[in-house]
Amino acid sequence: RSLYTAHTVVSVKGLYLLVSPATEFKYDKEKAEKEAKERKKSQLEQIEEKKAYEKEVPVKEKSGGFAEKLVTQIVKNLELTVENIHVRYEDNVSDPDHSFALGVTLEEISARTTGPDYVGKVIKEAADKFYKLLQLKCLSIYWNPDSKKLADLP
């Protein structure tokens, strides 16, 4: 099958993410400010270099090469499905006497290409706009104010 005439299917099953604060991290305000200043200076230098380069080399109008057209076509016809998602945040650093957990679970999230009538289709021709249908199944959010950390379990 061709990437131009068929859906590109991406499917992920079983995503479990456990997040907790880094307890060894020590915030250094002076170091953070210095790094931010250096990052901004570097960004300004890059912008100035880009402007100088654009003045020297005229930008040509282009319609896009093969790779650009192929990527655009893949995105237009991408079908994405992620099933059984659980993201959990655990914290016993904020209040060591009462750890808590919060999370999000989702049975399925999917996105597929449709026409204006929301019926699935493959877009083969060049199109200025296309439609994606996003579906969520069994979304839940929870907060447990007195939870044991799962990260500490064997």
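## L106 and its surroundings

Set aside the neighbours within four places in sequence, and L106 is in contact (heavy atoms within 4.5 Å) with N84, I85, L136, K137, C138 and L139. L106 itself sits in strand 3. Strands here are DSSP runs of E with at least two residues, helices are runs of H or I with at least four residues, and both are numbered from the N terminus. With a relative accessible area of 10%, L106 is buried. For the cut-offs, buried means under 20% relative accessible area, exposed means over 50%, and partly exposed is in between, using a 1.4 Å probe and protein chains only.

Q46 is another story: L106 and Q46 are 60 residues apart in sequence, and their C-alpha atoms are 41 Å apart in space.

## Ground rules

Keep in mind that this is a predicted model, where local features need pLDDT of at least 70 and side-chain atom pairs count only at pLDDT 80 or more, while totals for chains, interfaces and linings use all residues. Residues are numbered from 1 along each chain as its sequence is written, and side-chain values use heavy atoms, with hydrogens and water left out.

## The chain as a whole

The chain has two helices and four strands, and from the N terminus on they come in the order β-α-α-β-β-β. How does the radius of gyration of the chain stand against that of a compact globule of 154 residues? The chain has 24 Å, whereas the globule would be near 15 Å. That radius is taken over C-alpha atoms, and the globule rule is 2.2 Å times the number of residues to the power 0.38. Along the principal axes, the C-alpha atoms fill a box of roughly 60 × 50 × 25 Å.

Buried residues make up 16% of the 154 residues. The accessible surface comes to about 12,500 Å², and 57% of that belongs to carbon and sulfur atoms. These areas come from the Shrake-Rupley method with a 1.4 Å probe; for residues, only the protein chains shown count as cover. Look at the contacts with a separation of 6 or more, and 75% of them are between residues 24 or more positions apart.

## How the strands pair

Two strands pair if DSSP finds at least two bridges between them. Strand 1 (residues 8–19) runs parallel to strand 2, with eleven bridges between them. V10 has L80 in strand 2 as its bridge partner. Strand 2 and strand 3 are also joined by eleven bridges, but they run antiparallel. On that side, H86 has T105 in strand 3 as its bridge partner.

As background, side chains in a regular strand alternate between the two faces of the sheet.

## R88, a buried arginine

R88 belongs to strand 2. Is R88 buried or exposed? At 9% relative accessibility, R88 counts as buried. Its side chain makes a polar contact with the side chain of S147 at 2.8 Å. A polar contact is a pair of N or O atoms within 3.5 Å; within protein, one must be able to donate a hydrogen and the other to accept it, and residues adjacent in sequence count only if both atoms are side-chain atoms.

Beyond the neighbours within four places in sequence, R88 is in contact with a list of residues including Y16, L17, L18 and V19, as well as A101, L102 and G103. Y142 and K148 are among its contacts too.

## Aromatic pairs

Rings of Phe, Tyr and Trp (its six-membered ring) pair if their centres lie within 6.5 Å; planes under 30 degrees apart count as stacked, over 60 as edge-to-face and the rest as tilted. That rule gives three aromatic pairs. Y89 and F100 have ring centres 6.1 Å apart and planes at 50°, so this pair is tilted. Y89 lies in strand 2 (residues 78–91) and F100 in strand 3 (residues 100–114), so the pair ties together parts eleven residues apart in sequence. Y89 is partly exposed at 27% relative accessibility, while F100 is buried at 17%. Ring pairs also link Y89, F100 and W143 into a cluster.

Y118 and Y131 form an edge-to-face pair, with 6.3 Å centre to centre and 75° between the planes. Y118 lies in the loop between strand 3 and strand 4 (131–144) and Y131 in strand 4, so the pair ties together parts 13 residues apart in sequence. Y118 is partly exposed, with a relative accessible area of 47%, and Y131 counts as partly exposed at 27%.
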